[in-house]
Amino acid sequence: MTHRRSHWAQHLAKRIKQRTLTVGVLGLGYVGLPLAVEFARKGIRTFGFDTNAEKIALLERGQNYIRDLDDRVVADCVASGMLQAHSNPARLADCDVIFICVPTPFTPNKDPDISFILAAAESIAAAKRPGQLYILKSTTFPGTTRKYVQPKLEDSRFRCGREYFLAFSPERVDPGNKTWHTGNTPIVVGGITPVCTELACAATALAIEKVVPVSSPEVAEMEKLLENIFRSVNIALVNELAQLCDRIGINIWEVVQAAATKPFGFMPFYPGPGIGGHCILIDPYYLSWMAREYDFTTSFIELAAEVNEFMPYYVRNLIIEQIARQPVEIDRARVLLLGMAFKRDVDDLRHSPALKVAELLRNDGVGRVDYYDPYIPSVVLFEGSKRAESLQSLPALRPNVLRRYHVVCVTTDHSAVDYAMVARSSRVVVDTRNALRDVSDRRNIVLLGSGRSPLSS
Ligand SMILES: NC(=O)c1ccc[n+]([C@@H]2O[C@H](COP(=O)([O-])OP(=O)(O)OC[C@H]3O[C@@H](n4cnc5c(N)ncnc54)[C@H](O)[C@@H]3O)[C@@H](O)[C@H]2O)c1
(Lines give C-alpha, C1' and ligand atoms only; values in the text may rest on other atoms or scores of the structure.)
Protein backbone atom coordinates (compact mmCIF):
# COMPACT_ATOMS: atom_id res chain seq x y z
CA MET A 1 0.00 0.00 0.00
CA THR A 2 1.33 3.45 -0.87
CA HIS A 3 0.56 6.26 1.56
CA ARG A 4 0.35 10.00 0.86
CA ARG A 5 3.89 11.22 1.00
CA SER A 6 5.30 14.58 2.00
CA HIS A 7 7.76 16.36 -0.25
CA TRP A 8 10.62 15.02 1.87
CA ALA A 9 9.28 11.47 1.72
CA GLN A 10 9.11 11.67 -2.07
CA HIS A 11 12.61 13.10 -2.22
CA LEU A 12 14.04 10.28 -0.08
CA ALA A 13 12.04 7.58 -1.91
CA LYS A 14 13.57 8.80 -5.17
CA ARG A 15 17.11 8.69 -3.82
CA ILE A 16 16.54 5.16 -2.52
CA LYS A 17 15.08 4.04 -5.84
CA GLN A 18 17.94 5.57 -7.79
CA ARG A 19 20.46 4.21 -5.28
CA THR A 20 21.99 7.69 -4.99
CA LEU A 21 21.57 7.91 -1.23
CA THR A 22 24.30 7.90 1.42
CA VAL A 23 23.84 5.41 4.25
CA GLY A 24 25.26 6.10 7.70
CA VAL A 25 25.89 3.40 10.30
CA LEU A 26 26.36 4.59 13.87
CA GLY A 27 28.23 1.96 15.90
CA LEU A 28 30.59 -0.34 13.98
CA GLY A 29 30.60 -3.49 16.11
CA TYR A 30 29.41 -7.04 15.45
CA VAL A 31 26.15 -5.65 14.01
CA GLY A 32 27.12 -2.31 12.49
CA LEU A 33 30.24 -3.20 10.52
CA PRO A 34 28.70 -6.18 8.66
CA LEU A 35 25.67 -4.00 7.87
CA ALA A 36 27.84 -1.14 6.58
CA VAL A 37 29.86 -3.58 4.46
CA GLU A 38 26.66 -5.12 3.05
CA PHE A 39 25.53 -1.69 1.76
CA ALA A 40 28.98 -0.69 0.53
CA ARG A 41 29.58 -3.92 -1.40
CA LYS A 42 26.22 -3.42 -3.10
CA GLY A 43 27.41 -0.08 -4.42
CA ILE A 44 25.76 2.24 -1.88
CA ARG A 45 27.97 5.00 -0.50
CA THR A 46 28.23 4.25 3.21
CA PHE A 47 29.66 6.24 6.11
CA GLY A 48 30.53 4.36 9.29
CA PHE A 49 30.68 6.20 12.62
CA ASP A 50 32.06 5.02 15.93
CA THR A 51 33.20 6.60 19.18
CA ASN A 52 35.99 4.03 19.36
CA ALA A 53 39.00 5.72 17.72
CA GLU A 54 40.84 2.42 17.31
CA LYS A 55 38.06 0.93 15.14
CA ILE A 56 37.92 4.08 13.00
CA ALA A 57 41.71 4.05 12.54
CA LEU A 58 41.67 0.38 11.49
CA LEU A 59 38.85 0.93 9.02
CA GLU A 60 40.51 4.01 7.56
CA ARG A 61 43.40 1.70 6.67
CA GLY A 62 40.95 -0.83 5.23
CA GLN A 63 41.59 -3.28 8.06
CA ASN A 64 38.85 -5.64 9.18
CA TYR A 65 38.36 -6.49 12.88
CA ILE A 66 35.20 -8.67 12.75
CA ARG A 67 35.97 -12.39 12.33
CA ASP A 68 32.88 -13.19 10.24
CA LEU A 69 33.76 -10.62 7.59
CA ASP A 70 36.12 -11.31 4.73
CA ASP A 71 39.25 -9.10 5.10
CA ARG A 72 39.43 -8.68 1.30
CA VAL A 73 35.81 -7.48 1.06
CA VAL A 74 36.33 -4.87 3.79
CA ALA A 75 39.59 -3.70 2.19
CA ASP A 76 37.91 -3.44 -1.24
CA CYS A 77 34.93 -1.48 0.14
CA VAL A 78 37.32 1.02 1.76
CA ALA A 79 39.66 1.22 -1.25
CA SER A 80 36.74 1.90 -3.62
CA GLY A 81 35.55 4.74 -1.36
CA MET A 82 32.17 3.01 -0.90
CA LEU A 83 32.87 2.59 2.82
CA GLN A 84 34.26 5.56 4.71
CA ALA A 85 34.99 5.61 8.43
CA HIS A 86 34.25 8.83 10.32
CA SER A 87 34.77 9.87 13.91
CA ASN A 88 33.13 13.26 13.45
CA PRO A 89 29.35 12.94 14.00
CA ALA A 90 28.82 16.23 12.10
CA ARG A 91 29.18 14.12 8.95
CA LEU A 92 25.85 12.48 9.86
CA ALA A 93 24.31 15.48 8.10
CA ASP A 94 25.62 14.04 4.81
CA CYS A 95 23.66 10.80 5.28
CA ASP A 96 20.13 10.13 4.03
CA VAL A 97 19.50 6.95 6.00
CA ILE A 98 21.14 6.34 9.39
CA PHE A 99 21.19 2.98 11.16
CA ILE A 100 21.83 3.02 14.92
CA CYS A 101 23.74 -0.11 16.02
CA VAL A 102 25.04 0.83 19.48
CA PRO A 103 25.25 -1.46 22.53
CA THR A 104 22.32 -2.03 24.89
CA PRO A 105 23.89 -3.52 28.03
CA PHE A 106 22.32 -3.82 31.45
CA THR A 107 23.25 -2.11 34.71
CA PRO A 108 24.84 -4.09 37.60
CA ASN A 109 21.25 -4.60 38.86
CA LYS A 110 20.26 -6.02 35.47
CA ASP A 111 18.09 -3.07 34.52
CA PRO A 112 18.22 -1.82 30.90
CA ASP A 113 20.92 0.72 30.04
CA ILE A 114 19.79 2.62 26.94
CA SER A 115 22.31 5.44 27.46
CA PHE A 116 24.18 4.52 24.24
CA ILE A 117 20.93 4.80 22.24
CA LEU A 118 20.20 8.18 23.82
CA ALA A 119 23.73 9.43 23.09
CA ALA A 120 23.42 8.24 19.48
CA ALA A 121 20.05 10.01 19.14
CA GLU A 122 21.63 13.20 20.50
CA SER A 123 24.45 13.02 17.94
CA ILE A 124 21.86 12.62 15.21
CA ALA A 125 19.74 15.48 16.58
CA ALA A 126 22.78 17.78 16.48
CA ALA A 127 23.34 17.03 12.78
CA LYS A 128 19.76 16.42 11.64
CA ARG A 129 18.32 17.81 8.42
CA PRO A 130 14.99 17.27 6.65
CA GLY A 131 14.61 14.21 4.47
CA GLN A 132 16.53 11.81 6.72
CA LEU A 133 15.43 8.35 7.83
CA TYR A 134 16.66 6.91 11.15
CA ILE A 135 16.49 3.19 11.84
CA LEU A 136 17.22 1.90 15.33
CA LYS A 137 18.67 -1.63 15.28
CA SER A 138 19.87 -2.06 18.87
CA THR A 139 17.81 -4.61 20.79
CA THR A 140 15.67 -2.87 23.40
CA PHE A 141 12.33 -2.87 25.22
CA PRO A 142 9.09 -1.98 23.43
CA GLY A 143 8.49 1.75 23.31
CA THR A 144 12.15 2.84 23.13
CA THR A 145 11.89 4.15 19.57
CA ARG A 146 8.68 6.12 20.16
CA LYS A 147 9.14 7.26 23.77
CA TYR A 148 12.90 7.82 23.98
CA VAL A 149 14.33 8.33 20.48
CA GLN A 150 11.53 10.27 18.80
CA PRO A 151 11.42 13.06 21.44
CA LYS A 152 15.15 13.66 20.99
CA LEU A 153 14.58 14.38 17.28
CA GLU A 154 11.16 15.97 17.04
CA ASP A 155 10.20 19.65 17.09
CA SER A 156 7.36 21.64 15.59
CA ARG A 157 9.18 22.01 12.26
CA PHE A 158 10.75 18.58 12.24
CA ARG A 159 7.87 16.13 12.35
CA CYS A 160 8.03 12.36 12.13
CA GLY A 161 6.54 11.02 8.89
CA ARG A 162 6.85 14.44 7.21
CA GLU A 163 10.27 16.08 7.57
CA TYR A 164 12.01 12.99 8.95
CA PHE A 165 11.31 9.28 9.27
CA LEU A 166 11.90 6.82 12.10
CA ALA A 167 11.66 3.05 12.40
CA PHE A 168 12.84 0.13 14.50
CA SER A 169 14.35 -2.86 12.74
CA PRO A 170 16.01 -5.51 14.92
CA GLU A 171 19.24 -7.21 13.95
CA ARG A 172 19.47 -10.99 13.69
CA VAL A 173 23.12 -11.52 12.80
CA ASP A 174 24.45 -14.76 14.28
CA PRO A 175 28.25 -14.52 14.45
CA GLY A 176 29.91 -17.78 13.39
CA ASN A 177 26.87 -18.92 11.35
CA LYS A 178 28.15 -20.08 7.95
CA THR A 179 24.70 -20.21 6.28
CA TRP A 180 22.84 -17.17 7.52
CA HIS A 181 24.57 -13.80 7.45
CA THR A 182 23.59 -10.14 7.40
CA GLY A 183 22.65 -10.10 3.71
CA ASN A 184 20.43 -13.19 3.53
CA THR A 185 18.68 -13.18 6.92
CA PRO A 186 15.14 -11.72 6.69
CA ILE A 187 14.74 -8.45 8.57
CA VAL A 188 11.62 -7.08 10.31
CA VAL A 189 10.83 -3.34 10.02
CA GLY A 190 8.26 -1.30 11.96
CA GLY A 191 7.99 2.47 11.40
CA ILE A 192 6.35 5.16 13.51
CA THR A 193 4.07 5.98 10.56
CA PRO A 194 3.18 3.91 7.47
CA VAL A 195 5.42 6.14 5.34
CA CYS A 196 8.30 5.54 7.78
CA THR A 197 7.77 1.78 7.38
CA GLU A 198 7.67 2.03 3.58
CA LEU A 199 10.86 4.07 3.37
CA ALA A 200 12.68 1.93 5.94
CA CYS A 201 11.71 -1.25 4.06
CA ALA A 202 12.87 0.23 0.74
CA ALA A 203 16.21 1.39 2.18
CA THR A 204 16.84 -1.92 3.97
CA ALA A 205 16.00 -3.90 0.83
CA LEU A 206 18.99 -2.31 -0.93
CA ALA A 207 21.24 -4.56 1.16
CA ILE A 208 19.03 -7.30 2.65
CA GLU A 209 17.32 -9.98 0.55
CA LYS A 210 14.01 -10.17 2.43
CA VAL A 211 12.33 -7.42 4.44
CA VAL A 212 9.20 -8.05 6.54
CA PRO A 213 7.11 -4.97 7.43
CA VAL A 214 5.10 -4.91 10.68
CA SER A 215 2.56 -2.38 11.91
CA SER A 216 4.66 -0.50 14.50
CA PRO A 217 8.10 -0.17 16.09
CA GLU A 218 6.66 -1.77 19.23
CA VAL A 219 5.83 -4.99 17.36
CA ALA A 220 9.34 -5.06 15.91
CA GLU A 221 10.91 -4.35 19.33
CA MET A 222 8.84 -7.06 20.99
CA GLU A 223 9.39 -9.69 18.29
CA LYS A 224 13.16 -9.41 18.73
CA LEU A 225 12.76 -10.01 22.46
CA LEU A 226 10.49 -12.98 21.74
CA GLU A 227 13.20 -14.51 19.51
CA ASN A 228 15.80 -14.23 22.27
CA ILE A 229 13.49 -15.27 25.10
CA PHE A 230 12.48 -18.32 23.04
CA ARG A 231 16.13 -19.36 22.86
CA SER A 232 16.81 -18.61 26.52
CA VAL A 233 13.78 -20.62 27.70
CA ASN A 234 14.53 -23.61 25.48
CA ILE A 235 18.20 -23.69 26.45
CA ALA A 236 17.16 -23.53 30.11
CA LEU A 237 14.73 -26.41 29.60
CA VAL A 238 17.43 -28.63 28.18
CA ASN A 239 19.95 -27.49 30.82
CA GLU A 240 17.52 -28.54 33.55
CA LEU A 241 16.86 -31.88 31.85
CA ALA A 242 20.64 -32.38 31.50
CA GLN A 243 20.97 -32.15 35.28
CA LEU A 244 18.14 -34.65 35.72
CA CYS A 245 19.73 -36.97 33.14
CA ASP A 246 22.97 -36.85 35.13
CA ARG A 247 21.08 -38.25 38.11
CA ILE A 248 19.09 -40.85 36.20
CA GLY A 249 21.96 -41.97 34.00
CA ILE A 250 20.50 -41.13 30.58
CA ASN A 251 22.47 -39.28 27.88
CA ILE A 252 20.62 -35.98 27.18
CA TRP A 253 22.56 -35.47 23.93
CA GLU A 254 21.24 -38.73 22.54
CA VAL A 255 17.75 -37.85 23.80
CA VAL A 256 17.78 -34.48 21.98
CA GLN A 257 19.18 -36.07 18.82
CA ALA A 258 16.43 -38.69 18.88
CA ALA A 259 13.70 -36.08 19.48
CA ALA A 260 15.06 -34.02 16.60
CA THR A 261 14.16 -36.80 14.15
CA LYS A 262 10.54 -35.65 14.53
CA PRO A 263 9.99 -33.62 11.36
CA PHE A 264 7.53 -31.17 12.96
CA GLY A 265 6.82 -29.54 16.32
CA PHE A 266 10.34 -29.93 17.75
CA MET A 267 13.51 -27.90 17.48
CA PRO A 268 16.76 -29.13 19.06
CA PHE A 269 18.52 -27.10 21.76
CA TYR A 270 21.59 -28.36 23.60
CA PRO A 271 22.88 -28.02 27.17
CA GLY A 272 26.13 -26.27 28.04
CA PRO A 273 28.04 -24.40 30.74
CA GLY A 274 25.59 -21.46 30.61
CA ILE A 275 24.75 -18.71 28.18
CA GLY A 276 26.76 -15.65 27.21
CA GLY A 277 27.09 -13.00 24.54
CA HIS A 278 25.29 -9.72 24.14
CA CYS A 279 21.84 -11.08 23.29
CA ILE A 280 20.26 -14.10 24.95
CA LEU A 281 21.67 -13.33 28.36
CA ILE A 282 20.74 -9.65 28.47
CA ASP A 283 17.69 -9.05 26.30
CA PRO A 284 15.14 -11.05 28.31
CA TYR A 285 15.89 -8.79 31.30
CA TYR A 286 14.83 -5.79 29.19
CA LEU A 287 11.34 -7.25 29.04
CA SER A 288 11.13 -8.46 32.63
CA TRP A 289 12.17 -4.96 33.75
CA MET A 290 9.44 -3.41 31.61
CA ALA A 291 6.84 -5.93 32.79
CA ARG A 292 7.29 -4.71 36.39
CA GLU A 293 5.86 -1.34 35.35
CA TYR A 294 2.69 -3.22 34.36
CA ASP A 295 2.50 -5.21 37.65
CA PHE A 296 3.39 -8.30 35.67
CA THR A 297 5.93 -11.02 36.41
CA THR A 298 7.48 -12.73 33.41
CA SER A 299 7.94 -16.09 35.12
CA PHE A 300 9.38 -17.92 32.11
CA ILE A 301 12.13 -15.30 31.73
CA GLU A 302 13.02 -15.39 35.43
CA LEU A 303 13.00 -19.19 35.60
CA ALA A 304 15.10 -19.57 32.44
CA ALA A 305 17.63 -17.05 33.75
CA GLU A 306 17.81 -18.88 37.08
CA VAL A 307 18.50 -22.26 35.42
CA ASN A 308 20.97 -20.88 32.86
CA GLU A 309 22.85 -18.78 35.43
CA PHE A 310 23.28 -21.86 37.63
CA MET A 311 25.05 -23.81 34.86
CA PRO A 312 28.58 -22.41 35.45
CA TYR A 313 28.17 -23.40 39.13
CA TYR A 314 27.06 -26.87 38.07
CA VAL A 315 30.09 -27.24 35.80
CA ARG A 316 32.34 -25.97 38.60
CA ASN A 317 30.89 -28.79 40.78
CA LEU A 318 31.67 -31.40 38.10
CA ILE A 319 35.28 -30.19 37.95
CA ILE A 320 35.75 -30.06 41.73
CA GLU A 321 34.37 -33.62 42.04
CA GLN A 322 36.98 -34.80 39.56
CA ILE A 323 39.76 -33.04 41.44
CA ALA A 324 38.54 -34.65 44.67
CA ARG A 325 39.02 -38.10 43.12
CA GLN A 326 42.71 -37.47 42.59
CA PRO A 327 45.52 -37.39 45.16
CA VAL A 328 45.98 -33.63 45.09
CA GLU A 329 45.13 -30.80 47.46
CA ILE A 330 42.77 -28.22 45.99
CA ASP A 331 45.38 -25.47 46.22
CA ARG A 332 47.80 -27.54 44.13
CA ALA A 333 45.24 -28.68 41.57
CA ARG A 334 45.58 -27.55 37.97
CA VAL A 335 42.59 -27.08 35.67
CA LEU A 336 42.63 -26.25 31.97
CA LEU A 337 39.55 -24.73 30.34
CA LEU A 338 39.27 -25.30 26.60
CA GLY A 339 37.50 -22.30 25.09
CA MET A 340 36.83 -18.87 26.61
CA ALA A 341 34.60 -17.34 23.91
CA PHE A 342 30.89 -17.60 24.70
CA LYS A 343 30.25 -19.87 21.73
CA ARG A 344 31.96 -21.93 19.03
CA ASP A 345 34.31 -20.27 16.52
CA VAL A 346 33.71 -16.67 17.63
CA ASP A 347 36.09 -14.23 19.31
CA ASP A 348 33.39 -12.69 21.53
CA LEU A 349 34.06 -12.92 25.25
CA ARG A 350 31.10 -10.90 26.49
CA HIS A 351 29.44 -12.56 29.52
CA SER A 352 31.12 -15.84 28.63
CA PRO A 353 30.16 -18.67 31.02
CA ALA A 354 33.74 -20.01 30.73
CA LEU A 355 34.95 -16.84 32.42
CA LYS A 356 32.50 -17.46 35.24
CA VAL A 357 33.65 -21.08 35.62
CA ALA A 358 37.27 -19.87 35.86
CA GLU A 359 36.36 -17.33 38.55
CA LEU A 360 34.37 -19.89 40.55
CA LEU A 361 37.30 -22.31 40.47
CA ARG A 362 39.68 -19.60 41.68
CA ASN A 363 37.17 -18.70 44.41
CA ASP A 364 37.24 -22.33 45.49
CA GLY A 365 41.01 -22.13 45.87
CA VAL A 366 41.98 -24.21 42.82
CA GLY A 367 45.73 -23.60 42.58
CA ARG A 368 46.00 -22.98 38.88
CA VAL A 369 43.38 -22.26 36.23
CA ASP A 370 44.67 -21.92 32.67
CA TYR A 371 42.86 -21.78 29.37
CA TYR A 372 43.34 -22.33 25.69
CA ASP A 373 41.36 -20.38 23.08
CA PRO A 374 42.72 -19.68 19.60
CA TYR A 375 40.50 -16.58 19.32
CA ILE A 376 40.92 -15.02 22.78
CA PRO A 377 44.57 -14.24 23.54
CA SER A 378 43.98 -12.97 27.09
CA VAL A 379 41.27 -12.45 29.70
CA VAL A 380 40.92 -10.74 33.06
CA LEU A 381 39.20 -12.59 35.88
CA PHE A 382 37.35 -10.55 38.53
CA GLU A 383 37.70 -7.50 36.28
CA GLY A 384 37.35 -4.20 38.08
CA SER A 385 37.93 -5.68 41.54
CA LYS A 386 41.03 -5.59 43.74
CA ARG A 387 41.77 -9.23 42.98
CA ALA A 388 41.69 -8.80 39.17
CA GLU A 389 43.80 -11.56 37.65
CA SER A 390 44.99 -11.62 34.08
CA LEU A 391 45.39 -14.88 32.14
CA GLN A 392 46.96 -15.57 28.76
CA SER A 393 45.80 -18.37 26.50
CA LEU A 394 48.22 -21.29 26.18
CA PRO A 395 50.00 -20.77 22.85
CA ALA A 396 49.15 -24.29 21.63
CA LEU A 397 47.59 -27.57 22.79
CA ARG A 398 50.09 -30.41 23.00
CA PRO A 399 49.84 -33.85 24.66
CA ASN A 400 52.62 -33.07 27.15
CA VAL A 401 50.85 -29.82 28.09
CA LEU A 402 47.47 -31.50 28.56
CA ARG A 403 48.98 -34.16 30.83
CA ARG A 404 50.00 -31.49 33.34
CA TYR A 405 46.38 -30.76 34.29
CA HIS A 406 44.30 -32.71 36.80
CA VAL A 407 41.12 -31.79 34.89
CA VAL A 408 40.61 -30.46 31.37
CA CYS A 409 37.16 -28.97 30.78
CA VAL A 410 35.69 -28.25 27.33
CA THR A 411 33.84 -24.99 27.89
CA THR A 412 33.60 -23.89 24.22
CA ASP A 413 33.69 -26.38 21.34
CA HIS A 414 35.84 -24.47 18.84
CA SER A 415 36.21 -26.55 15.70
CA ALA A 416 39.97 -25.89 15.45
CA VAL A 417 40.71 -28.18 18.44
CA ASP A 418 41.80 -31.83 18.00
CA TYR A 419 39.42 -33.44 20.52
CA ALA A 420 40.70 -36.98 19.93
CA MET A 421 44.14 -35.78 21.03
CA VAL A 422 42.56 -34.01 24.02
CA ALA A 423 40.85 -37.26 25.07
CA ARG A 424 44.03 -39.34 24.59
CA SER A 425 46.33 -36.97 26.44
CA SER A 426 44.27 -35.72 29.38
CA ARG A 427 43.83 -37.38 32.77
CA VAL A 428 40.13 -36.42 32.94
CA VAL A 429 38.02 -34.38 30.52
CA VAL A 430 34.78 -32.73 31.64
CA ASP A 431 32.95 -32.16 28.37
CA THR A 432 30.15 -29.58 28.61
CA ARG A 433 29.53 -29.40 24.83
CA ASN A 434 29.66 -33.03 23.66
CA ALA A 435 32.75 -32.04 21.69
CA LEU A 436 34.28 -35.49 22.31
CA ARG A 437 31.26 -37.32 20.87
CA ASP A 438 33.38 -39.27 18.36
CA VAL A 439 35.85 -40.58 20.94
CA SER A 440 35.24 -44.28 21.59
CA ASP A 441 37.38 -44.86 24.69
CA ARG A 442 35.38 -42.77 27.15
CA ARG A 443 36.84 -43.95 30.45
CA ASN A 444 38.33 -40.54 31.28
CA ILE A 445 35.42 -38.46 29.93
CA VAL A 446 32.71 -36.90 32.06
CA LEU A 447 29.98 -35.66 29.74
CA LEU A 448 27.56 -33.06 31.09
CA GLY A 449 24.06 -34.53 31.09
CA SER A 450 25.03 -38.11 30.39
CA GLY A 451 24.71 -39.82 33.74
CA ARG A 452 28.45 -40.34 33.92
CA SER A 453 29.02 -37.43 36.24
CA PRO A 454 30.10 -38.12 39.79
CA LEU A 455 26.83 -36.57 40.97
CA SER A 456 24.98 -39.65 39.73
CA SER A 457 26.88 -42.07 41.94
N1 LIG B 1 26.32 -9.20 18.48
C2 LIG B 1 25.24 -9.83 18.04
O3 LIG B 1 25.33 -10.99 17.66
C4 LIG B 1 23.89 -9.13 17.99
C5 LIG B 1 22.86 -9.74 17.29
C6 LIG B 1 21.62 -9.11 17.21
C7 LIG B 1 21.42 -7.89 17.87
N8 LIG B 1 22.45 -7.33 18.57
C9 LIG B 1 22.20 -6.02 19.20
O10 LIG B 1 22.81 -5.02 18.39
C11 LIG B 1 23.31 -3.96 19.22
C12 LIG B 1 24.80 -3.77 18.94
O13 LIG B 1 25.47 -4.96 19.32
P14 LIG B 1 26.97 -5.26 18.88
O15 LIG B 1 27.21 -6.68 19.24
O16 LIG B 1 27.22 -4.81 17.49
O17 LIG B 1 27.75 -4.29 19.88
P18 LIG B 1 29.30 -3.87 19.80
O19 LIG B 1 29.69 -3.49 21.17
O20 LIG B 1 30.07 -4.92 19.07
O21 LIG B 1 29.28 -2.59 18.85
C22 LIG B 1 28.71 -1.40 19.21
C23 LIG B 1 29.59 -0.25 18.71
O24 LIG B 1 28.92 0.99 18.96
C25 LIG B 1 29.92 1.95 19.29
N26 LIG B 1 29.26 3.09 19.94
C27 LIG B 1 28.79 3.19 21.18
N28 LIG B 1 28.19 4.39 21.36
C29 LIG B 1 28.28 5.05 20.20
C30 LIG B 1 27.85 6.34 19.74
N31 LIG B 1 27.17 7.16 20.54
N32 LIG B 1 28.13 6.68 18.48
C33 LIG B 1 28.82 5.86 17.66
N34 LIG B 1 29.24 4.63 18.03
C35 LIG B 1 28.97 4.24 19.28
C36 LIG B 1 30.89 1.18 20.13
O37 LIG B 1 32.15 1.80 20.19
C38 LIG B 1 30.94 -0.17 19.40
O39 LIG B 1 31.96 -0.19 18.42
C40 LIG B 1 22.97 -4.34 20.63
O41 LIG B 1 21.75 -3.77 20.98
C42 LIG B 1 22.81 -5.85 20.57
O43 LIG B 1 21.96 -6.34 21.57
C44 LIG B 1 23.69 -7.91 18.62
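Which atom of Thr139 lies 3.0 Å from an oxygen atom of the ligand? A backbone N or O atom of Thr139 does.

This is a predicted model, in which local features need pLDDT of at least 70, side-chain atom pairs count only at pLDDT 80 or more, and totals for chains, interfaces and linings use all residues. Residues are numbered from 1 along each chain as its sequence is written, and side-chain values use heavy atoms, with hydrogens and water left out.

View 1. The ligand is surrounded by 25 residues; a residue counts if one of its heavy atoms lies within 4 Å. Val31, Asp50, Lys55, Thr104 and Arg350 are the closest. By class, the shell holds 12 nonpolar, eight polar and five charged residues. Here Ala, Val, Leu, Ile, Met, Phe, Trp, Tyr, Cys and Pro are nonpolar, Asp, Glu, Lys and Arg are charged, and the others, Gly among them, are polar.

View 2. A polar side-chain atom of Thr104 lies 2.5 Å from a ligand oxygen atom. A backbone N or O atom of Thr51 lies 3.5 Å from a ligand nitrogen atom. Alone, the ligand exposes 830 Å², and the protein buries 90% of that. Areas come from the Shrake-Rupley method with a 1.4 Å probe.

**View 3. The open sheet of eight strands.** The order is β3-β2-β1-β4-β5-β6-β7-β8, with mixed pairing. Strands are DSSP runs of E with at least two residues, helices runs of H or I with at least four, numbered from the N terminus. Two strands pair if DSSP finds at least two bridges between them. β3 (83-86) and β8 (211-213) are the edge strands. From one strand to the next, the twist averages 25°. β1 (residues 22-26) and β2 (residues 45-49) run parallel, joined by five bridges. Leu26 has Phe49 in β2 as its bridge partner.

**View 4. The open sheet of five strands.** Pairing is parallel, in the order β10-β9-β13-β14-β15. The edge strands are β10 (368-372) and β15 (445-447). Five bridges link β9 (residues 334-338) to β10. Val369 in β10 is the bridge partner of Val335.

**View 5. Helix α6 against helix α8.** The axes of α6 (residues 144-153) and α8 (residues 217-248) come within 8 Å and cross at roughly 120°. Axes are lines fitted to C-alpha atoms, for helices over the stretch in contact, and angles run from 0 to 180 degrees between N-to-C directions. Thr144, Thr145 and Arg146 in α6 meet Pro217, Glu218 and Glu221 in α8, where contact means heavy atoms within 4.5 Å.

Technical notes: Polar contact = N/O pair within 3.5 Å; in protein donor to acceptor, adjacent residues only side chain to side chain.
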